[in-house]
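Student: I have the sequence and the model open. Could we go through some local features together?

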Amino acid sequence: MGQPGPLANLFSVELWERFSFYGMQGILALYMYFETTRGGLGIDPTVAAGIVGAYGGSVYIFSILGALVSDRLLGPERTLLGSAVMIMLGHIALALLPGVPGLVAGLLLVGIGSGGLKATSATLVGALYDVKDSRRDAGFSIYYMGVNIGGLFGPLLTGLTQQTWGFHVGFGLAALGMAIGVTQYVLTRKKLPAAVHEVPDPLPRAMYPIWGGIALAAILLVIILVLTGIIHAGNLAAIMVTLSVIGAIVIFAMLLISKKVSSDERSRVVAFIPLFLGTAAFFALFQQQFTVITLYSDTRLDRALQLPFLGEWEMPIPWVQSFNPFFIIVLAPLFAALWTKLGSRQPTTPKKFSLGIILMGSAFLLFLPMVPVAAVPVLWVAMIMVVATLGELSLSPVGLSLTTKLAPSAFPVLMMALYYLSVALGTSLSGALAGFYSAETEGAYFGALGAVTIVIGLLMLAISKPVEKGMRGVR
């Protein structure tokens with residue numbers, strides 16, 4: 001396809017990492033709340049959903065840690081390799097270690113590893129091209145297709161495996177996928193550009209003991225808080241929400257008061273505040289496909305299908321999570337063609353954000369007609385996910401790009417950390433909000449969240465002009 005050879009290596013790493021990540025996440029909530037007689041841990045469903053949301057949010061917070069390790073200690077290539085190995089070990093822990101110890105060890109390893117890989121993988125892809133290389137955008141498009149291919153097949157295969165042979169075999173399949181990704185990466189990593197093996201901003205040796213002590217103190221503090229019961233499974237999502245909010249406030253304050261930030265750059269940072277909040281609101285609903293919609297698929301969905309020659313067959317619960325990546329693969333080229341055709345007439349980024357948020361709220365309102373229905377058709381949920389995916393394609397692809405454009409020249413990494421914190425906040429909220437869901441309250445739950453999100457989208461639309469003005473020439 002006329003692309004640099006190492007792109008195939010990085011494409012494969014990302015595909016298998018997403019395969020293992022979404023494959024594991026597809027059965028994670030089920031593993032926690034299924035009764036022990038069904039192979040699960042018997043955790044309360046709302047607590048399980050909160051843990052999944054907190055875990056999803058932690059991945060984005062760990063990506064900030066991964067960026068610091070990459071920039072100051074190991075360089076992007078070694079950070080990616082170490083992160084990939086951690087992910088594989090995490091899935092192995094989930095597959096082989098029984099009970100809560102295996103769950104804790106597995107989620108910690110996968111969460112930290114996924115954060116490190118997320119922070120470095122795109123950097124390695126970018127290093128394959130000169131800044132003016134015309135192949136760059138096409139290369140990233142090919143690379144990100146690996147995300148969706150892995151996200152599509154992960155839940156399909158682990159869900160089928162779990163339904164047939166049990167949870168630990170499903171986790172083992174995720175581990176096998178990551179092992180394939182790690183193996184092919186190790187065999188071909190020498191072909192990557194020399195620059196990715198260098199540490200961009202090495203931490204002085206004299207600072208090693210100081211930062212090592214800070215890291216050790218942080219670990220000890222977490223252990224003490226867990227042992228004393230201050231941190232427990234029921235409040236993990238709320239803790240991640242709090243950490244995301246505090247982190248965002250601190251970073252915004254640092255950017256706004258820094259003397260290294262010009263007046264135009266400061267205006268752009270202020271303009272990013274409503275976009276930060278809008279992104280968090282969007283992901284608070286969108287990421288519920290791994291929390292509430294998993295519970296909904298288990299308890300409210302009619303998954304019995306009539307298949308030719310096979311008769312009646314029950315669709316695995318995690319397969320619902322493959323709807324979104326499937327629709328992305330189908331619809332993303334159409335969106336790209338639409339924006340290209342519209343050219344300068346396409347909506348500005350704040351208006352695209354507004355559209356994405358409104359569509360996400362509308363997707364939740366589409367649950368309401370099914371409230372009185374005892375067994376909801378699978379195709380109805382598929383339609384809901386089409387609307388949610390349209391919202392994602394309106395908001396998510398432009399989020400990272402916009403963040404890099406609005407970033408002050410002195411603080412590009414901090415600005416990217418803000419974007420990841422907005423996703424972490426929304427993902428953690430998806431777990432915290434799941435505590436209010438039940439089959440008895442689903443009408444009020446979906447109706448209230450959908451309506452509030454649409455109002456947020458309309459408010460974003462109302463202030464789009466001032467936000468565009470504050471972006472100072474960035475469209």
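Student: What volume does the second largest pocket have?

Tutor: First, the ground rules: this is a predicted model, so local features need pLDDT of at least 70, side-chain atom pairs count only at pLDDT 80 or more, and totals for chains, interfaces and linings use all residues. Residues are numbered from 1 along each chain as its sequence is written, and side-chain values use heavy atoms, with hydrogens and water left out. A pocket is an open set of points on a 1 Å grid over the protein atoms alone, where a 1.4 Å probe fits, with protein on both sides within 12 Å along at least five of seven lines. The volume, the space filled by probe spheres set on the points, is about 260 Å³ for the second largest pocket.

Student: Which elements give two or more residues to the lining of the second largest pocket?

Tutor: Lining residues have an atom within 4 Å of a point. There are 14 of them, and Leu 65, Val 69, Ser 83, Met 86 and Ile 112 lie nearest the centre of the pocket. Helices here are DSSP runs (H or I, at least four residues), and strands are E runs of at least two. The elements asked for are helix H2 (45-74), H3 and helix H4 (99-126).

Student: Is Glu 77 buried or exposed?

Tutor: Glu 77 is found in helix H3 (residues 76-96). Buried means under 20% relative accessible area, exposed over 50%, and partly exposed in between (1.4 Å probe, protein chains only). Glu 77 has 0% relative accessibility, so it counts as buried.

Student: With which side chain does the side chain of Glu 77 make a polar contact?

Tutor: Contact means heavy atoms within 4.5 Å. Leaving out residues up to four places away in sequence, Glu 77 touches Leu 124, Tyr 185, Arg 189, Leu 192, Val 196 and His 197. At 2.8 Å, the partner is Tyr 185.

Student: How many residues apart in sequence are the parts that Asp 201 and Arg 72 tie together?

Tutor: Their side chains meet in a salt bridge at 3.6 Å, N to O; the cut-off is a side-chain nitrogen of Lys or Arg within 4 Å of a carboxyl oxygen of Asp or Glu. Asp 201 lies in the loop between helix H6 (167-188) and helix H7 (208-227), and Arg 72 in helix H2, so the parts tied together are separated in sequence by 129 residues.

Student: Where does Glu 442, the salt-bridge partner of Arg 300, lie?

Tutor: The two side chains meet at 2.8 Å, N to O. Both Arg 300 and Glu 442 are buried. Arg 300 lies in the loop between helix H10 (292-299) and strand S1 (301-302), while Glu 442 is in helix H15 (residues 442-462).

Student: Against which elements do the buried residues of H10 pack?

Tutor: In H10, 7 of the 8 residues are buried, so it is largely enclosed by the rest of the structure. The buried residues are Val 292, Ile 293, Thr 294, Leu 295, Tyr 296, Ser 297 and Asp 298. They pack against H1, H2, S1, strand S4 (376-377), helix H13 (378-406) and H15.

Terms used. Polar contact = N/O pair within 3.5 Å; in protein donor to acceptor, adjacent residues only side chain to side chain.
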